[in-house]
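Student: I would like to learn how to read a protein structure. Could you walk me through a few features, one at a time?

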Amino acid sequence: MSTTWHKSTCPYCGFGCGLMVGVDGGRVVKVTGMKGHPTNDGRLCVLAETLPGVFDARERLTRPMLRRQGVLTEVTWQEAIGHVAGTLMAIIHEHGPDAVAFYGGASKLTEEYYLINKLMRACIGTNNIESSTRLCMASTAAGLLSTIGADAPPACYADIEHADLFFIAGNNMAVTVPVLFQRVRAAKKANGAKVIVADPRRTDTAAIADIHLQLIPGTDVALNNALAHVLLRDGFVDKEQVELYTSGLCDLKNFLKDYTPAVASQITGCPQQQIVEAAHAIGQSKAMLTFWFQGYNHSSQAVFKNNTLHNLSLLTGNFCRVGAGPISITGESNALGCRFVGALSHLLPGMRLVTNATHRQEVADFWGIPAEKIKPVPGRSIIDIIAGLHNGEIKALWVASTNPAASLPHTRWVQQGLAKAQLLVVADIFHPTETTMLANVILPAAQWGEKTGTFVSSERRIELVEKFVQPPGEALPDYEIMWLIARQMGFEREFPYTSPEDVFEEWKGLTRGRLCDTNGVTYRRLRGAVGPQLPCPTPEHPGTERLFGNLEFARPDGRAALLARKYIPPLETPDEEYPLMLITGRLACQFNTRTRTGRIDRLYRSAAGSFVEVSTEDARVIGVTEGDVVRVSSRRGSVVAEVMLSERIRPGTVFIPCHFGGALGGEQDRLVNLVTNPVYDIHSKQPEFKLSAVRIVRAE
């Protein structure tokens with residue numbers, strides 16, 4: 001047999017690398033980077049390179065299962081669909097539509113999220129629809145919305161090669177987005193671009209920095225305010241020009257008087273002169289590109305971090321032009337598509353808000369339902385859904401392509417809540433996961449490469465990911481599972497689809513005239529070339545590389561907002577009982593809770609267990625050394641890990657990777673989210689994973 005090659009897009013992070021997938025004898029045998037693709041031009045990370053192993057991995061789900069007398073038993077699809085639909089309808093009849101909720105992974109297809117939106121909002125009548133983009137990008141979305149009036153990332157990857165300064169905050173992109181890092185490093189070498197990194201750890205990314213601001217975790221707002229203070233004080237702001245495209249300059253200048261480098265140094269731990277040096281580098285830059293990631297977004301002050309970072313770009317004119325602007329890489333492959341299609345409890349399809357009466361009417365008219373069917377109040381965030389399971393207000397939760405029993409903070413509380421559900425439906429590709437082990441119903445889902453649909457990358461590029469192999473056993477795509485359940489619930493007229501392309505063509509109608517306009521896109525167009533960047537309103541349109549190039553923004557006055565944001569200490573800070581601050585993050589060879597990567601032997605062997613990175617100074621105080629097994633405890637729980645001594649992390653701060661739990665033959669007490677904090681930013685409702693006060697003692 002000969003290998004046939006198929007064009008696709010990577011299903012891991014939101015950078016959106018183009019892939020070529022080799023299939024031989026019905027099996028995926030090789031994955032390579034797509035030469036000429038504008039994102040990666042043939043480059044590949046280890047996760048994409050090992051994708052063939054996901055298809056051959058152990059423990060694939062192939063048949064539906066129902067829990068009977070406490071035991072999961074294989075059943076037919078007819079039995080499973082009937083049970084789910086019947087139980088949902090009974091719960092809705094007895095307790096109302098808001099007693100049910102949906103939570104899915106941000107690697108799901110746009111078409112799938114459109115269907116679940118229609119089912120939950122138009123048919124059932126609840127806004128309780130959430131996706132894991134709440135965990136990674138909700139604060140980015142809220143930050144962009146409040147600063148420029150739209151959750152529409154304005155910059156693009158092509159700006160990397162034109163920038164003369166990169167400001168990288170809250171992420172070790174050398175590990176989490178290695179192809180992006182390769183491009184940044186190459187641009188630094190070729191063009192002499194400077195790099196500023198704000199991170200509590202001296203990471204591989206910080207190693208290429210000209211200025212490493214090794215700040216105390218959670219103090220970014222104070223740092224950004226001090227940088228803006230210096231820009232204004234030292235004459236780097238053209239006030240007349242800035243006032244043409246922003247509002248709030250006078251108020252911001254007055255507010256920032258108290259954020260001197262001296263004050264910020266006390267808060268952040270960064271030397272005064274280093275803060276001034278960084279501000280001057282920003283002021284002298286002709287094209288600054290800002291990158292921020294989960295180190296920003298996993299915080300109770302996350303939206304303010306976003307706003308104050310945008311202030312730096314707006315004050316210096318580094319916005320919406322070649323080489324300049326804000327760009328944040330989403331954590332999962334379709335997180336931006338999820339936001340565009342309305343896969344959060346406060347959103348509606350087409351970048352609309354449930355609180356906006358005009359938006360509700362537009363969606364209701366499109367779906368042919370009374371506007372009153374769409375409730376004007378946002379549904380529950382995922383943390384509030386878990387709280388609803390605890391207090392009995394949520395009776396049923398449908399989970400798809402994600403693992404909340406491991407990925408959400410305060411895991412024991414989350415697992416206890418999931419166990420209280422009258423109906424917990426989990427559609428996934430593997431069993432066991434921490435979540436499938438709690439399910440009443442498990443539905444075998446097709447994965448990437450076994451179904452067809454679209455992703456939208458972090459630069460608004462839409463791509464088609466096509467089916468090139470058959471799913472195993474009786475596994476079905478989530479879009480088919482959704483329309484089967486919807487029809488069984490009595491919504492045959494609303495769900496007439498026979499293919500994902502049918503769904504896509506309908507969804508396009510809700511994007512017309514919006515910043516996510518997809519009406520110039522068809523599956524045929526996407527098959528023939530690299531996908532365009534949205535908006536793309538007509539078939540002849542090439543796509544939109546950058547947004548707001550005329551500096552007219554989507555706010556009522558057409559100007560971006562310079563926002564005065566007060567630094568507020570994290571809600572949990574070190575004290576005598578819990579003297580250390582824990583931050584979490586990723587490893588290069590694993591992804592999220594390892595549902596896929598932990599089952600690939602090469603990746604599993606690369607990092608089979610967890611660890612806690614401790615500064616040598618803290619280790620001496622605690623009385624531990626390299627390799628010691630310790631217990632790391634917070635006010636919520638504790639985890640066990642081996643000590644990794646480090647000179648790269650600030651004293652007073654420790655680091656544990658986020659991937660390890662008990663579903664893959666490990667130990668449940670290695671799961672760091674047993675310790676992390678479920679408190680969230682009140683504006684974005686994104687949890688504060690990164691800031692937990694802990695203590696470390698030797699494990700018995």
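Tutor: Gladly! Keep in mind that this is a predicted model. Let's begin with a sheet. In general, strands of a sheet pair through backbone hydrogen bonds, either parallel or antiparallel. Here, three strands make an open sheet in the order E1-E2-E3, with antiparallel pairing.

Student: Which strands are the edge strands?

Tutor: They are strand E1 (4–9) and strand E3 (27–33), each of which pairs on one side only. From one strand to the next, the twist averages 30°.

Student: How many bridges link E1 and strand E2?

Tutor: Six bridges, in the antiparallel sense, with E2 covering residues 18–24. To find one of them, look for Ser8: its bridge partner in E2 is Leu19.

Student: Thanks! What should I look for in the backbone itself?

Tutor: Start with the general idea: most residues other than glycine have a negative phi, and most peptide bonds are trans. Now for the exceptions in this model. A cis peptide bond connects His431 to Pro432, with omega about 10°.

Student: Where does Pro432 lie?

Tutor: Pro432 is in the loop between strand E17 (423–428) and strand E18 (441–444). Another cis peptide bond joins Leu534 and Pro535, and its omega is about 5°. Pro535 sits in the loop between helix H23 (523–528) and strand E21 (560–561).

Student: And which phi value does His410 have?

Tutor: His410 has a positive phi of about 55°, although it is not a glycine. You can find His410 in the loop between helix H19 (404–407) and helix H20 (411–419).

Student: Is His410 buried or exposed?

Tutor: The cut-off for buried is under 20% relative accessible area. His410 counts as buried because its relative accessibility is 18%.

Student: What about Arg460 and its phi?

Tutor: Arg460 is not a glycine either, and its phi is positive, at about 70°. Arg460 belongs to the loop between strand E19 (453–456) and strand E20 (462–465). With a relative accessibility of 0%, Arg460 counts as buried.

Student: Let's finish with a helix residue. Where is Ser313 found?

Tutor: Ser313 is in helix H15, which spans residues 302–315. Ser313 is buried, since its relative accessible area is 0%.

Student: Which residues is Ser313 in contact with, leaving aside its neighbours within four places in sequence?

Tutor: With those neighbours set aside, Ser313 is in contact with Met288, Thr290, Asn318 and Phe319.

Terms used: Residues are numbered from 1 along each chain as its sequence is written. This is a predicted model: local features need pLDDT of at least 70, side-chain atom pairs count only at pLDDT 80 or more; totals for chains, interfaces and linings use all residues. Side-chain values use heavy atoms; hydrogens and water are left out. Helices (H or I, at least four residues) and strands (E, at least two) are DSSP runs, numbered from the N terminus. Buried means under 20% relative accessible area, exposed over 50%, partly exposed in between (1.4 Å probe, protein chains only). Two strands pair if DSSP finds at least two bridges between them. Axes are lines fitted to C-alpha atoms, for helices over the stretch in contact, and angles run from 0 to 180 degrees between N-to-C directions. Contact means heavy atoms within 4.5 Å.
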